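Hello,

Here is the structure I promised to pass on. Please open it first, then read my notes below.

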Amino acid sequence: MCSFAAFSQNDFTTFFEPLFAVNHKVNDSYKVNFATVSRNYVYRDSEFEFTTRQLQFVHFSTLSFNSNHSVSAGVMYRFRENFEDKSNELRFTQQYNYAHRPNIVRFGHRFRTEQRITTNNTVHGFRYRFTIDLPLSGEKLDVGEPYFVANTESLLSVVKASTPQLDQRFTTQIGWLWTKSLKFQTGLEYRFENYNQDTKEILFILTSVILKL
């Protein structure tokens, strides 16, 4: 109901965003991740359409201290000039992760800083994300079974000579462990962007295929 009501607003946009990721555990303490993401318009300016907005490639390296604590560094390049009149973007990311599972529910905390570099400026971002996930059949996740993931993330973006921007995101997804090395997830993410100045509401339709090597 909220989604259909929002369609009457001119500042409401819907995207379809498929992701394909490959994870590889190099050893007990080090793993790498590579991903490609395509962002496509589904609804904007009071009209339905399907056009590509951007394509991005991502790499993360993660060093784990134990089962609960890890740090990561990543780089992302976003191609946007090929699809619309916006600058491409180079992004560097640093993050700390803490997760614990007191029962069947796992709780995760992620603190992230990032530098988003375009031809016009450099934006410094600061994020905090809280996540829960749990199996939907039994106390542990087995092959062929579904699981549930939900998170909320707060963002602060700072750029020179401009007012800082505040964003809030809410995401829910259902996933399936198809095999020991292959997962599929789908769900929705709702964003309130720049809500401290001029709020823009954005709905994402998410799909993810995650391969573990």
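**What I found**

Asp-133 counts as buried, because its relative accessibility is 14%. Buried means under 20% relative accessible area, exposed means over 50%, and partly exposed lies in between, with a 1.4 Å probe and protein chains only. Keep in mind that this is a predicted model: local features need pLDDT of at least 70, side-chain atom pairs count only at pLDDT 80 or more, and totals for chains, interfaces and linings use all residues. Residues are numbered from 1 along each chain as its sequence is written, and side-chain values use heavy atoms, with hydrogens and water left out.

**Salt bridges**

What does Asp-133 meet in a salt bridge? The partner is Arg-106, at 2.9 Å from N to O. A salt bridge here is a side-chain nitrogen of Lys or Arg within 4 Å of a carboxyl oxygen of Asp or Glu. The pair links distant parts of the chain, 27 residues apart: Asp-133 sits in strand β7 (residues 122-135), and Arg-106 in strand β6 (residues 106-117). Strands are DSSP runs (E, at least two residues), numbered from the N terminus. Arg-106 is partly exposed, with a relative accessible area of 36%.

Salt bridges with shared partners also build one network. Its members are Arg-78, Glu-89, Arg-91, Arg-110, Glu-114, Arg-116, Arg-127 and Glu-153. The count of salt bridges comes to 15.

Now look at Glu-84. Arg-53 forms a salt bridge with Glu-84, and their closest N and O atoms are 3.5 Å apart. Arg-53 lies in strand β3 (residues 47-64) and Glu-84 in the loop between β4 and β5, so this pair ties together parts that are 31 residues apart in sequence. Arg-80 forms a salt bridge with Glu-84 too, with the closest N and O atoms 2.7 Å apart. Are these residues buried or exposed? Arg-53 and Glu-84 are both buried, and Arg-80 is buried as well.

**The barrel**

How many strands does the closed barrel have? It has 11, running β1-β2-β3-β4-β5-β6-β7-β8-β9-β10-β11, with mixed pairing. Neighbouring strands of this sheet are turned by 20 degrees against each other on average, direction ignored. Those angles run from 0 to 180 degrees between N-to-C directions, and the axes are lines fitted to C-alpha atoms. Two strands pair if DSSP finds at least two bridges between them.

Start with β1 (residues 12-25) and β11 (residues 200-212). They run parallel and are joined by 12 bridges. Thr-14 stands opposite Leu-203 in β11.

Next, take β8 (residues 146-158) and β9 (residues 165-179). They run antiparallel, also with 12 bridges. Ser-154 has Gln-168 in β9 as its bridge partner. The hairpin of β8 and β9 has six residues between the strands, and Ala-161 in this hairpin takes a positive phi near 65 degrees.

Strand β10 (residues 182-193) runs antiparallel to β9, and 11 bridges join them. Here Thr-172 stands opposite Leu-188 in β10.

**A surface patch**

Phe-57, Tyr-77, Phe-79 and Phe-83 form a nonpolar patch on the surface. Together they have about 350 Å² of accessible area (Shrake-Rupley method, 1.4 Å probe, only the protein chains shown count as cover). Patch residues have over 30% relative accessible area and no salt bridge; nonpolar side chains (Val, Leu, Ile, Met, Phe, Trp, Tyr) are joined within 5 Å, like charges within 9 Å. Phe-83 sits in the loop between β4 (69-79) and β5 (89-100). Phe-83 counts as partly exposed, because its relative accessibility is 37%.

Best wishes

Definitions and conventions:
Helix = DSSP H or I, 4+ residues; strand = E, 2+ residues; numbered from the N terminus.
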